[in-house]
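Student: I keep meeting labels in structure descriptions and would like to know where they come from. Please take me through some of them.

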Amino acid sequence: METSLALWELFHMDGSYLAEFLLEKGYEVHGIVRRSSSFNTGRIEHLYKNPQAHTEGNMKLHYGDLTDSTCLVKIINEVKPTEIYNLGAQSHVKISFDLAEYTADVDGVGTLRLLDAIKTCGLINSVKFYQASTSELFGKVQEIPQKETTPFYPRSPYGAAKLYAYWIVVNFREAYNLFAVNGILFNHESPRRGANFVTRKISRSVAKIHLGQLECFSLGNLDAKRDWGHARDYVEAMWLMLQTDEPEDFVIATGEVHSVREFVEKSFRHIGKTIVWEGKNENEVGRCKETGKIHVTVNHKYYRPTEVWLQHRRLQELYVFLQLPGAMRELCCQASCM
Amino acid sequence: MAQPAADACAYAAASGDDGGEMSGRKVALITGITGQVHGIVRRSSSFNTGRIEHLYKNPQAHTEGNMKLHYGDLTDSTCLVKIINEVKPTEIYNLGAQSHVKISFDLAEYTADVDGVGTLRLLDAIKTCGLINSVKFYQASTSELFGKVQEIPQKETTPFYPRSPYGAAKLYAYWIVVNFREAYNLFAVNGILFNHESPRRGANFVTRKISRSVAKIHLGQLECFSLGNLDAKRDWGHARDYVEAMWLMLQTDEPEDFVIATGEVHSVREFVEKSFRHIGKTIVWEGKNENEVGRCKETGKIHVTVNHKYYRPTEVDFLQGDCTKAKQKLNWKPRVTFDVSCLSGLLCTCYVRVSSKGNGGIQEGGKAFEWGHSGTWSCSDNPEPPLL
């Protein structure tokens, strides 16, 4: 049986989808999770053999942290995985400006610690390693569209930390012949997205407005443009990268670009509201055409000191998951449980 | 013997008096000052101030004059805030680093912590102390960023491709400096310096290792030494020229990144050959790869062998810098080129190590010959730093 090790973000979006995907393929999945005083297993409850009793089946959890090299060696030595997916990170770009050192330690040096642990455990020739690189590496994009050969230009402490991780992975691949790949994934969303990421923030807020629990919410740069896909598709790509004969880095994206503003407009259209925009910059508001109420404002605290400019790719269907009745139901169910 | 500091030494500390009016203050803070004002030094159980002894007001008593030292470490953010708040520098030169590329493969995490995250801690400390708008920051970036070079020669716009944990850590530092410049308008620059040498270079760096070994062979204290990849090619300059460039970068109106290099490329093999020629020996090479040896044509003795332990897991084969931008915008150019650089390193080692007491072994003291900016050799009583 293949054994995989998914890190840390097992409790987070990608990790939970990846765990499901691998379990379906018959893997024994081991996840490293950080200790927390409150339960944080929400996204993976359904993967327990017995969710009520938290009895483990083919998914086993280990306490650990990317800042603690000793535990990484211990876990890897015990599990002896055939595949490792390093999804663990402080992944909020805006927050990285306030938590730059911690972000560097986990996202950057943490990746090195994991690679070193593989080497220490003598698994360099037997394990396959996936690194969660990111479109944030492109930052102030040097060409449009961005592909694997496009030079990087990170625009945040998060981007810089991920850049270090990208290159230390390349170095281990070239220096020690480790089968190690960078998945350069563009933004990918789902109902399991963290609530303070803009897509989830918007969809949850729209659901609450629909349920009458919220009147208005605020955003930052409405004109930031992103290439958004679905997390479920993207974890499949991660797995595929480790099934090739030779290790290579890949860009994963939809090719479509949309702005935050468009995301807001489309979201409101699902609850029958048309948003019209009035004013400029920090004074801009989004007003409901049908009722005249203001539902969206702009708050400068959400601006990044340096923004990522213009991520363009080709067009394809984008908001499929929001248009699915199931997804919308999930959206409202989540909101109504609050 | 892991000297952490960068190899650019305190040739041109930009310290000035910090009395007088605030607007006229010139106060520099240097990390890595012992690598080669106000300097942050790591605490060590043995004295590590050898390269800067001559900058004390009274070297014997270690009395400070315009150079003041503070204990600190790039892994300790609290002390950085404390020192910066106390000194309130006008210029900061971040030269502190674990700078040995080969060693970084064995000390990758430490290298990342000091060279990479350490730079972030320093930038954060500037922000914390409210000096973002008043301090000018120099980051010691490196040609190692170019690694597996994507174009020849390399200039400021050449894409990076680091080939070691050292290179990756310095890459992080480069971009976090750019981010602070763009996000907060900090006057922060990256000096992308190609290899620069001097008699103060750490003994386990290849140029110094070669020149010291050749000197010892000349003095009859050594028969043979071993090296790694003889065909690695580098662009070598002199540290004294390069620290001038660092300073010039902080005197411009707008912050910009610059490549500093000579533009000349030479191999390790050539460095060996030229060094031996200075002591009247011609080296001929025999064999291949790990079995290759360098034999003295005149005596037939083998003086150089190859040991695979010096190979890097991933090598940087070729570096050649294009410093056109620095020539045009800073009016800087290298004064010391390869031949002379090699010569000065060698001679300083050679003459200073001559024992005046005749009881064998290596002694300090004696005379030192140095290549000055006037383009001539001068002799001084300035002793070489003690062997580490």
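Tutor: Let's start with pairing: two strands pair if DSSP finds at least two bridges between them. Helices (H or I, at least four residues) and strands (E, at least two) are themselves DSSP runs, numbered from the N terminus. This is a predicted model, where local features need pLDDT of at least 70 and side-chain atom pairs count only at pLDDT 80 or more, while totals for chains, interfaces and linings use all residues. Residues are numbered from 1 along each chain as its sequence is written, chains are lettered from A and ligands numbered from 1 in the order in which they are written, and side-chain values use heavy atoms, leaving out hydrogens and water.

Student: How do you know that strand β5 of chain A is joined to β6(A)?

Tutor: Count the bridges: β5(A), residues 128-134, and β6(A) are joined by 7 of them and run parallel. The rule asks for at least two, so this counts as a pair. One spot to look at is A:Q131, which stands opposite A:N182 in β6(A). Between β5(A) and β6(A), the chain passes through helix α5(A), residues 157-176, in a right-handed β-α-β crossover.

Student: What makes a crossover right-handed?

Tutor: Point the strands away from you: the path from the first strand over the helix to the second must run clockwise. The path from β5(A) through α5(A) to β6(A) is right-handed, so it runs clockwise in that view.

Student: Which other strand pairs with β6(A)?

Tutor: Strand β11(A), residues 250-252, pairs with β6(A) in the parallel sense over 3 bridges. There, A:G183 stands opposite A:F250.

Student: Now the helices. What makes α5(A) and α4(B) roughly antiparallel?

Tutor: α5(A) packs with α4(B), residues 165-184, at about 160 degrees, their axes 9 Å apart. Axes are lines fitted to C-alpha atoms, for helices over the stretch in contact, and angles run from 0 to 180 degrees between N-to-C directions. Under 35 degrees counts as roughly parallel, over 145 as roughly antiparallel, 65 to 115 as roughly perpendicular, and the rest as oblique. The α5(A) and α4(B) helices therefore come out as roughly antiparallel. Contact means heavy atoms within 4.5 Å, and among the residues making it here are A:W167 of α5(A) and B:W175 of α4(B).

Student: Why are α5(B) and α7(B) called roughly parallel?

Tutor: The axes of α5(B), residues 206-218, and α7(B), residues 268-278, come within 10 Å and cross at roughly 30 degrees. That crossing makes α5(B) roughly parallel to α7(B). The contact includes B:I210 and B:V214 of α5(B), with B:F271 and B:V272 of α7(B).

Student: What is the handedness of the crossing of α5(B) and α7(B)?

Tutor: It is right-handed. A crossing is right-handed if the near helix is turned clockwise from the far one by less than a right angle, and left-handed if anticlockwise. The crossing of α5(A) and α4(B) is right-handed too.

Student: Which strands stand at the edges of the open sheet in chain B, and why is one side of each left without a neighbour?

Tutor: This sheet has 4 strands in the order β8-β15-β14-β13, with mixed pairing. β8(B), residues 225-227, and β13(B), residues 283-286, each have a single partner strand, so one side of each has no neighbour in the sheet. From one strand to the next, the twist averages 25 degrees. The partner of β8(B) is β15(B), residues 302-306, paired in the parallel sense over 3 bridges. B:S226 stands opposite B:T305 there.

Student: Where do α5(B) and α7(B) lie on these strands?

Tutor: α5(B) lies across β8 and β15 of chain B, at about 160 degrees to β8(B). α7(B) lies across β8, β13 and β15 of chain B, at about 140 degrees to β13(B).
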